[in-house]
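Dear colleague,

I am handing over the structure we spoke about, together with some notes on what turned up in it. Please read the notes with the coordinates open beside you.

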Amino acid sequence: MNKARFHVILLSALMVCGASAAQSGLPMRGPDYFRDASDLAGALGSAHAIRVRCNGREDQYWRQYMSDMLSYEAPNRGNLRSSLVEQFNDAYQETSRDYLKCDNRAVEAEARFAREGQEIAERMAMHYFPKKPN
């Protein structure tokens, strides 16, 4: 998987979605947005759990993306922020229980969670930041 591409898509989606509700002409946040944001937080939490299992607690690679997501999507305390943090933490804990050692199965799972996150971020970017026709 091309991590640089994933990062660009994820950060683009996060920056745009955070501003989407404030800009006219862009879709308002609805149930689909909240589901996608929650699913993305879960994918990041799961990927983070495996990364920590394989590389140690110092590796905060996926957690940093979650932090970036929170700063764009839910910079203030509230229900959305709490929900996203809870989803990240729940996914982290569940995945930590499912992958007790760093092996090929775990590495493949991290890649799968990253792909899922990329798909969600792309969907969010397309829906919340549609490109204007030329």
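**Helix packing**

Helices α3 and α4 pack with their axes 10 Å apart and at an angle of about 165 degrees. Because angles over 145 degrees count as roughly antiparallel, α3 is roughly antiparallel to α4. The crossing of these two helices, α3 and α4, is right-handed. On the α3 side the contacts are made by Arg63, Met66, Met69, Leu70 and Glu73, and these meet Leu80, Arg81, Leu84, Val85 and Phe88 in α4. Please keep in mind throughout that this is a predicted model.

The other pair to look at is α2 (residues 31–55) with α3 (residues 61–73), whose axes come within 7 Å and cross at roughly 155 degrees. The two helices α2 and α3 are therefore roughly antiparallel to each other as well, and α2 passes α3 in a left-handed crossing. From α2 the residues involved are Tyr33, Ala37, Leu40, Ala41, Leu44, Ala47, His48 and Arg51, while α3 contributes Tyr61, Trp62, Arg63, Tyr65, Met66, Met69 and Glu73.

**The protein as a whole**

The protein has 5 helices and 0 strands, and along the sequence its pattern reads α-α-α-α-α. Of its 134 residues, 41% are buried. Among the contacts with a separation of 6 or more, 76% are between residues 24 or more positions apart.

**Leucine 80**

Leucine 80, which was named above among the α4 residues that meet α3, is found in helix α4, a helix that spans residues 79–98. Leaving aside residues up to four places away in sequence, leucine 80 touches Arg29, Tyr33, Phe34, Glu73 and Ala74. Leucine 80 and serine 38 are 42 residues apart in sequence, yet the distance between them in space is 9.1 Å, C-alpha to C-alpha.

**Aromatic rings**

How many aromatic pairs are there? The count comes to 4 aromatic pairs. One of them joins tyrosine 33 and phenylalanine 34, which are edge-to-face at 5.1 Å centre to centre, with 75 degrees between the planes.

Another edge-to-face pair is formed by tyrosine 61 and tryptophan 62, at 4.9 Å centre to centre and with 85 degrees between the planes. Tryptophan 62 counts as buried because its relative accessibility is 1%, which falls under the 20% cut-off.

With kind regards

Technical notes: Residues numbered from 1 in each chain as written. Predicted model: local features only at pLDDT ≥ 70, side-chain atom pairs only at ≥ 80, totals over all residues. Heavy atoms only, no water. Phe/Tyr/Trp six-rings, centres within 6.5 Å; stacked < 30°, edge-to-face > 60°. Buried < 20%, exposed > 50% of the residue type's maximum accessible area, 1.4 Å probe, protein only. Helix = DSSP H or I, 4+ residues; strand = E, 2+ residues; numbered from the N terminus. Contact = heavy atoms within 4.5 Å. Axes fitted to C-alpha atoms, helices over the stretch in contact; angles between N-to-C directions. Parallel < 35°, antiparallel > 145°, perpendicular 65-115°, else oblique. Left-handed = near helix turned anticlockwise from the far one by under 90°.
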